[in-house]
Amino acid sequence: MNESIQIKKDIEPARIYGKHAHIQRYKKISMFLIAVGAFIFFLVHVGIKIASPLPLFFLCFGTVTAGALLYFYQQYREAPAGIRHNNLFKTPLMSGGFPGWIIAIVLTWFYIVLYWFPQFIENWIALCDPLSMAIRNKPADHWFFYGTLYTFAILIMGIRMLIKYRHNRYQIIRTSSLMFFQLCFAFLIPAFLVLLNQPEYYFSYLWPLKYDYLFPAKIHSLFKSGGLGYFMVFWTIAASFIAVPLLTYLFGKRWYCSWVCGCGGLAETLGDPFRQLSSKRLRAWQFERYSIHSVLVFVIVTTLLLWINSLTSGAVLGSFSRSFARTYGFLIGAIWAGVVGVGFYPLMGNRVWCRFGCPLAAILGIIQKYFSRFRITTNGDQCMSCGNCSTYCEMGIDVRWYAQRSQNIIRASCVGCGICAAVCPRGVLKLENGTIRERYDFQK
Ligand code: SF4
Ligand code: SF4
């Protein structure tokens with residue numbers, strides 16, 4: 001008996017060491033592949049040229065993709081199913097430390113170059129020419145390059161989500177939905193429309209998130225392109241004014257923010273490692289209410305003024321109408337949604353734009369708070385006040401406060417990501433749809 005215990009004692013460390021060495025080998029290979037891909041990106045940037053960009057495209061995107069997937073596979077493969085955020089706040093990258101700042105600066109630089117100085121990345125843009133020619137029959141521009149990167153990021157990090165949250169059906173279906181809508185509705189369909197000489201149109205982006213879709217200039221240009229253009233205008237109006245209230249009444253804002261939207265898609269996949277960085281302070285919540293509703297008012301006033309101006313043949317804004325529309329695009333579309341919204345993931349969490357700036361989220365939030373069947377129910381008797389739910393709420397909601405009091409969570413900002421329920425070790429939280437009257441039956 002003692003002998004067998006001794007043998008086991010000898011074997012166990014060797015087995016663990018072997019497993020550890022195995023993981024380290026995977027890690028090194030994956031990091032090597034990512035480094036090779038990054039180096040080729042750098043070479044392309046400084047001007048390396050070969051006869052056809054196609055091999056370079058596959059080398060750049062292929063090696064980074066292979067390296068990232070191998071890394072995630074080895075990272076989560078050995079871990080038992082279940083969400084573990086071990087040592088998250090001891091990892092500088094994920095706790096707002098120095099590496100987080102570096103990534104934030106790089107992302108911010110990228111967005112500034114993309115919006116205002118795309119000529120500096122023309123070699124990267126040209127890298128996407130083969131793909132652009134294949135699906136659009138025209139060379140890539142900086143927005144196609146951005147769309148390609150964006151879609152790759154959601155797909156690769158989406159696979160990471162699928163592996164990480166593999167024990168949770170809600171997360172698997174929701175992540176798959178986000179990947180599907182990004183790939184099909186926000187990348188392939190707009191590209192095929194260009195191929196068919198139709199207006200480039202994103203069916204998964206609704207007004208007022210896609211603010212210019214109800215601007216007079218856009219509507220007039222869509223009308224000019226004939227039957228499909230009329231359908232696109234009809235789609236925007238029907239989706240924004242009928243589908244949004246109806247689906248939000250039935251399912252809460254999660255149907256859009258956590259299942260369809262491209263901004264939400266990037267936040268939930270690329271931004272997942274940073275969700276714990278969202279501020280839970282009262283002042284953040286107070287600022288959030290003012291900022292998000294101010295943007296909503298701004299876009300409504302801008303749209304109305306542009307329409308009044310258009311209907312009065314320029315009597316209101318005169319020749320300023322174009323620059324007026326551009327001001328909104330610059331301040332909200334470029335600075336807020338792009339530079340701050342994504343660039344600050346590693347500093348302020350993954351939902352900076354959704355929480356503080358998105359005008360569509362503001363509308364969805366108002367409907368969710370007052371006219372929706374959605375709520376998160378809590379079983380306070382089971383809560384042990386660990387605080388996991390509050391820590392990982394990307395919208396900065398103090399979920400534990402509600403759980404401790406057995407209160408339903410009915411908050412305008414909740415995007416229904418379900419992570420609070422997924423990380424709760426006691427199964428306290430449940431995302432549900434029910435009658436509106438029952439939502440406010442707080443005490444069980
Ligand atoms: S994660 Fe669950 S147990 Fe922990 S505080 Fe939140 S509701 Fe309570
Ligand atoms: S309360 Fe839960 S479901 Fe709502 S945003 Fe926060 S983590 Fe997601």
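This is a working chat about a predicted model.

User: What are the ground rules here?
Analyst: This is a predicted model, so local features need pLDDT of at least 70, side-chain atom pairs count only at pLDDT 80 or more, and totals for chains, interfaces and linings use all residues. Residues are numbered from 1 along each chain as its sequence is written, chains are lettered from A and ligands numbered from 1 in the order in which they are written, and side-chain values use heavy atoms, with hydrogens and water left out.

User: How many salt bridges does the structure hold?
Analyst: Nine. The rule is a side-chain nitrogen of Lys or Arg within 4 Å of a carboxyl oxygen of Asp or Glu. Side chains of opposite charge can pair when their charged atoms come close.

User: What does Asp272 do with Arg160?
Analyst: Their side chains meet in a salt bridge, at 2.9 Å from N to O. The pair links distant parts of the chain, 112 residues apart. Asp272 sits in the loop between α11 (262-269) and α12 (282-311), and Arg160 in helix α6 (residues 142-164). Helices here are DSSP runs of H or I, at least four residues, and strands are runs of E, at least two, numbered from the N terminus.

User: Is Asp272 buried or exposed?
Analyst: Asp272 counts as buried because its relative accessibility is 2%. Arg160 counts as buried too, at 5%. Buried means under 20% relative accessible area, exposed over 50%, and partly exposed in between, with a 1.4 Å probe and protein chains only.

User: Which residues do shared partners join into one network?
Analyst: Arg160, Lys164, Arg174, Glu268, Asp272, Arg275, Arg351 and Glu394.

User: Switching to aromatics. How many pairs by the rule?
Analyst: The count comes to 38 aromatic pairs. Rings of Phe, Tyr and Trp (its six-membered ring) pair if their centres lie within 6.5 Å; planes under 30 degrees apart count as stacked, over 60 as edge-to-face and the rest as tilted.

User: Why is Phe41 with Trp124 edge-to-face?
Analyst: The ring planes of Phe41 and Trp124 are at 90°, with centres 6.0 Å apart, so the pair is edge-to-face. It links distant parts of the chain: Phe41 is in helix α1 (residues 2-46) and Trp124 in helix α4, 83 residues apart. Phe41 is buried, and so is Trp124.

User: And what about Tyr201 and Phe203?
Analyst: Their planes are at 65° and their centres 4.8 Å apart, so Tyr201 and Phe203 are edge-to-face. Tyr201 is buried, and so is Phe203.

User: Now the surface. Which residues form the nonpolar patch?
Analyst: Ile112, Trp116, Phe117, Phe120, Phe330, Leu331 and Ile335, with about 600 Å² of accessible area together. Patches take residues with over 30% relative accessible area and no salt bridge; like charges are joined within 9 Å, nonpolar side chains (Val, Leu, Ile, Met, Phe, Trp, Tyr) within 5 Å. Areas come from the Shrake-Rupley method with a 1.4 Å probe; for residues, only the protein chains shown count as cover.

User: Which helix gives the most to the patch?
Analyst: α13, with three residues. α3 (98-116) and α13 (321-343) each supply at least two.

User: Where is Phe117?
Analyst: Phe117 is in the loop between α3 and α4 (122-127). Phe117 counts as partly exposed, at 37% relative accessibility.

User: Which residues does UniProt list for "transmembrane region"?
Analyst: The unreviewed UniProt entry lists 29-48, 54-73, 93-117, 143-163, 175-196, 228-251, 290-308 and 328-347. UniProt positions are in the numbering used here, feature names are shortened, and annotations may be inferred rather than shown by experiment. In the model, residues 29-48 are 90% helix and 0% strand, with end C-alpha atoms 25 Å apart. Residues 175-196 are 95% helix and 0% strand, with end C-alpha atoms 30 Å apart.
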